[in-house]
Amino acid sequence: MADKQRRTTIIRQVVFLVLFLCVWALGSGTLRYSVPEEMESGSFVANVVKDLELDANRLSARKARVVSEGSRQHFQLNSNTGDLFIKEKIDREELCGQTDPCILHFEIILENPLQSYRAEVRVYDVNDHSPEFSENELLLKMPETTPPGSRFPLANAQDLDVGNNSLQSYAISSTDHFRVYTRHRNDGSKYAELVLETPLDREEQAEISFMLTAIDGGSPARSGIAQVRITVLDSNDNVPEFSQTLYRARVLENSEKDYVVLTISATDSDEGINGAISYSFSQKSKKNVNAFSVNPVNGEIRILRPLDFEETETYEIDVQATDGGGLSAHSKVLVAVVDVNDNAPEVKVTYLISPIPEDASPETVVALFNVRDRDSADNGRTICSIEDNLPFSAKPTSKNSYSLVTENTFDREKVSEYNITITARDLGTPSLSTEERIIVKISDINDNSPEFNQTSYTMYVQENNGPAVLIGTVNAFDSDSEQNAKVTYSL
């Protein structure tokens, strides 16, 4: 019954957002629309004819179509009406993960004349995911001498939604000893912090259990639960102390597996087993556990796999030092991933006209193409060029978009096609580049007259011959091709 109510609520949210579908802004040649995620295939987005002020009657003749930046085509255009529809159901979490806003870029291309309009659609989040804990049961150990006011960070829940639909707060079921507070990390995520309100007495209560609830901000709200079980330990006088409350490290994204990021260190004034310290992650998020390991004996934090700056720029790791008596101290490790130039630019040709007539005027658009580099800063900045000895030039039309235009007219009789290499190079060190080759053929026009192979011919014929006697041959040629090169003779 609860699942049915959730589905009904999501449908209502989608319908509500569709009713308020709007164009954000129209400027700098870019159309901006917005849609909620999970809309069905065929759902209406906008009418581009109206927004671009085009002639709807000529839209089909101009072969209007949509070209997506990526490999998947999320939208389709009705070339008769100019209506833009969703081609397949859009899952915002699959497309953008935690990135917000989630924006899909594409181009609307028309022919005769060739025109290109950049467009983007912002996909709004729908509250279709509940917060989830990585573990159903959270285990803590606390000595009975733990002073009131002591704080204990708990494993945070994960919510795939963003904005108000993401995780907002934590709550616990009734307990006389604890309160819970919602804390914020530097990356915007939220975790629960347990605060001891009243002293513990192991002889009175050796174990305390309650439910921890993670609540999102959707309407209605969705939630996830985990059980917290606290074992009250007998007296252990000293808690381990970290040498730093915050550790910072920088790591190149191409660092090899098992590279030591840094070493954490803690001390305990107790003796024997109560002073023996082991190190571990206090919050085992899937992202951190898959990327790093900590040596429980010496505190070395190592890389488990190559890191990817384009995937994650910063890791925030919660670590703890636990002595033999079960007392723990907590600290944080911030690992900044440093970008290296490991991605070559990508060139995508979105439109190509071939052949073109040899009398095409200068500045005729021959092709449209985009350049993208996934690196950052200078490693992601690109320069696009073609060979200098060609009668073409690459001109930027918008950010990372170019048009290939002619610089002068052509002579097909000299050059009938051009093999053009588009080179995109980034500004990293060392620089990476990508080449994309296109062939532009030149079509013939009738710009050459026939020419005889001689300026005059002398022929002889005997008298008394009858009609239709061959007395000689003349020959002419034409430099043009096909029909333009066919020669007929007359006197």
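## Close-up views of a predicted model

The structure holds one disulfide (a pair of cysteine sulfur atoms within 2.5 Å). This is a predicted model, in which local features need pLDDT of at least 70 and side-chain atom pairs count only at pLDDT 80 or more, while totals for chains, interfaces and linings use all residues. Residues are numbered from 1 along each chain as its sequence is written, and side-chain values use heavy atoms, with hydrogens and water left out.

**View 1. The disulfide of cysteine 96 and cysteine 102****.** Let us start with the sulfur atoms, which lie 2.0 Å apart in the link between cysteine 96 and cysteine 102. The angle about the S-S bond is 65°, and the link is right-handed. Are the two cysteines buried or exposed? Both cysteine 96 and cysteine 102 are buried; here buried means under 20% relative accessible area, exposed means over 50%, and partly exposed lies in between (1.4 Å probe, protein chains only). Cysteine 384 also counts as buried, because its relative accessibility is 13%.

**View 2. Strand β6 with its partners β3 and β5****.** Strands, like helices, are DSSP runs numbered from the N terminus: a strand (E) has at least two residues and a helix (H or I) at least four. Two strands pair if DSSP finds at least two bridges between them. Strand β3 (residues 44–47) is antiparallel to strand β6 (residues 83–86), with three bridges between them. Strand β5 (residues 75–77) is likewise joined to β6 by three bridges and runs antiparallel. Which residue of β6 is the bridge partner of phenylalanine 44? That partner is phenylalanine 85, and phenylalanine 85 is also the bridge partner of glutamine 76. β5 and β6 form a hairpin with five residues between them, and glycine 82 in the turn has a positive phi of about 85°.

**View 3. An open sheet of three strands****.** The strand order is β10-β13-β12, and the pairing is antiparallel. At the edges are β10 (151–153) and β12 (178–184), each pairing on one side only. From one strand to the next, the twist averages 30°, where axes are lines fitted to C-alpha atoms (for helices over the stretch in contact) and angles run from 0 to 180 degrees between N-to-C directions. Look for the seven bridges that join β12 to strand β13 (residues 190–196). Valine 180 stands opposite leucine 194 in β13.

**View 4. An open sheet of four strands****.** Here the order is β25-β27-β30-β29, again with antiparallel pairing. β25 and β29 are the edge strands, each with pairing on one side only. On average, neighbouring strands of this sheet are turned by 30° against each other, direction ignored. Six bridges hold the antiparallel pair of β25 and β27. Within this pair, valine 347 has valine 371 of β27 as its bridge partner.

**View 5. Two cis peptide bonds, one at proline 220** **and one at proline 355****.** Serine 219 is joined to proline 220 by a cis peptide bond with omega of about 0°. Proline 220 sits in the loop between β14 (207–216) and β15 (223–233). The bond from serine 354 to proline 355 is cis too, with omega near 5°. For proline 355, the place to look is the loop between β25 (346–352) and β26 (356–357).

**View 6. Positive phi at glutamate 363** **and asparagine 400****.** Glutamate 363 is a residue other than glycine, yet its phi is positive, near 75°. Glutamate 363 lies in the loop between β26 and β27 (365–372), and counts as partly exposed because its relative accessible area is 47%. Asparagine 400, not a glycine either, has a positive phi of about 65°. The loop that holds asparagine 400 runs between β29 (392–398) and β30 (401–406). With a relative accessible area of 35%, asparagine 400 is partly exposed.

**View 7. A nonpolar patch on the surface****.** Phe452, Met459, Val461, Val469, Ile471, Val474 and Tyr489 form this patch, with about 610 Å² of accessible area together. Areas come from the Shrake-Rupley method with a 1.4 Å probe; for residues, only the protein chains shown count as cover. Patches are made of residues with over 30% relative accessible area and no salt bridge, with like charges joined within 9 Å and nonpolar side chains (Val, Leu, Ile, Met, Phe, Trp, Tyr) within 5 Å. A salt bridge is a side-chain nitrogen of Lys or Arg within 4 Å of a carboxyl oxygen of Asp or Glu. Isoleucine 471 belongs to the loop between β33 (451–452) and β34 (476–477), and is partly exposed, at 44% relative accessibility.
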